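Please open the structure in a viewer and keep the selection tool at hand.

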Amino acid sequence: DKKNFKHYMLKEIYDQPDIAKYWLEKYLIKDLKTDQFQINYSFDTDFLNSIERIDIVACGTSKHSAMVGKFLLEQFSGIPTNVFFASEFRYSPPPLLCNTLTIGVTQSGETADTIAAISMEIKRRSSIGDRSFKPNLIAITNRVESSIGRQIPNIIDISAGIEIGVAATKTFFAQLLSFYGLAIKFAQIKGSQSNENINQLVLELTKLPGLVEELLEKHNESSEKLAHDFFNIKDVIFLGRGINYPIALEGALKLKEISYINAAGYPAGEMKHGPIALLDKKVPVISIATPGQVFDKVISNAQEAKARDAYLIGVAPQCNGTEIFDYLMTIPSTNEWISPLLAIVPLQLLSYHIASHRGLDVDQPRNLAKSVTVE
Ligand code: M6R
């Protein structure tokens, strides 16, 4: 049921604080003896400990969540990780390496390319006698009873509830949370982070329901106003770096899918290697500038865009440096690790309101299906 929302997509964007709350209740447990937090995933410790590298296969929005996952698994948990388009992996997989975990990410559990990529991987690994090459698999899905659920017994159930809008919003948010859980679990097992760092990240995650709620309150009306000025725009560029580069890609995908506006996401440092030629005052640039190691770099990339007359929109906290933006979609200044979970919210709202202003069928965009079960 849509409750009082005009579209399912908007309702699903508004479901996100509850999803965070539910995730924290379901997956975060405090060990009262040691005062340490544990992630309630029922995977065998020896199994996780044997993993030396990770390959993730996914499509669309699920792939963007996997890219944030890669950042976390490498930078927080210290495990080399690669992310593949499932459609590419199935025909040109990387050479086999031992002790590899393959993760399939699919909210529907039915995406043909992802299912086929996993089947192919199971087959080619099973055909090798050496045990260290055996398939090790985890599925991250919203549908435990699905094709991927039947393929892979080790499941992280993202528990986002059914998503009706074709454009994935709340399931993206829940997939991100699943990767935070996995990164924490691996960091504990591999000893790649101190307890203090792990507790700090957990503490930040526990603030999410309130933070996301505030973002929704703050940005629903303002992004509707911004949409009013921008609904006729032809091209938009999204920039991000590091952990927020995938958020630039996801922001662009949301806008393309439901408003049919040409949008592209780039790692901000790549702008000068080509895309900058696209810029003029008719092309707004949306830049995700969250405090952290690359903040100054992102700001100077935004400056380069401004010098080409682009209208600059920042998804950033109000702080030194962000006065450069012509328009600021303010997000709270938090620990960099959790910034993707916040930065995505105003971008979802902006795409929604632009599509809605254009009078489009937000929940059922043309040419798209909720799950793509053909190759
Ligand atoms: O069900 P899946 O997560 O496997 O779906 C993958 C993509 O088809 C999906 O994310 C698609 O890109 C959405 N329409 C994104 O909003």
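Begin with Cys319, which is partly exposed at a relative accessible area of 29%; buried means under 20% relative accessible area, exposed over 50%, and partly exposed in between, with a 1.4 Å probe and protein chains only. This is a predicted model, in which local features need pLDDT of at least 70, side-chain atom pairs count only at pLDDT 80 or more, and totals for chains, interfaces and linings use all residues. Residues are numbered from 1 along each chain as its sequence is written, and side-chain values use heavy atoms, with hydrogens and water left out.

Next, select Cys59, also partly exposed, with a relative accessible area of 23%. The whole structure contains zero disulfides (pairs of cysteine sulfur atoms within 2.5 Å).

Then select Asp55 in strand E3, residues 53-58 (strands, E, at least two residues, and helices, H or I, at least four, are DSSP runs numbered from the N terminus). Asp55 is buried without a salt bridge (a side-chain nitrogen of Lys or Arg within 4 Å of a carboxyl oxygen of Asp or Glu). The nearest side chain of opposite charge, Arg125, lies 4.8 Å away; Lys and Arg count as positive, Asp and Glu as negative, and His and the chain ends are not counted.

Move to Ser62 in helix H4, residues 60-75. Ser62 is buried, at 9% relative accessible area. Beyond its neighbours within four places in sequence, Ser62 is in contact with Val105, Thr106, Gln107 and Gln175 (heavy atoms within 4.5 Å).
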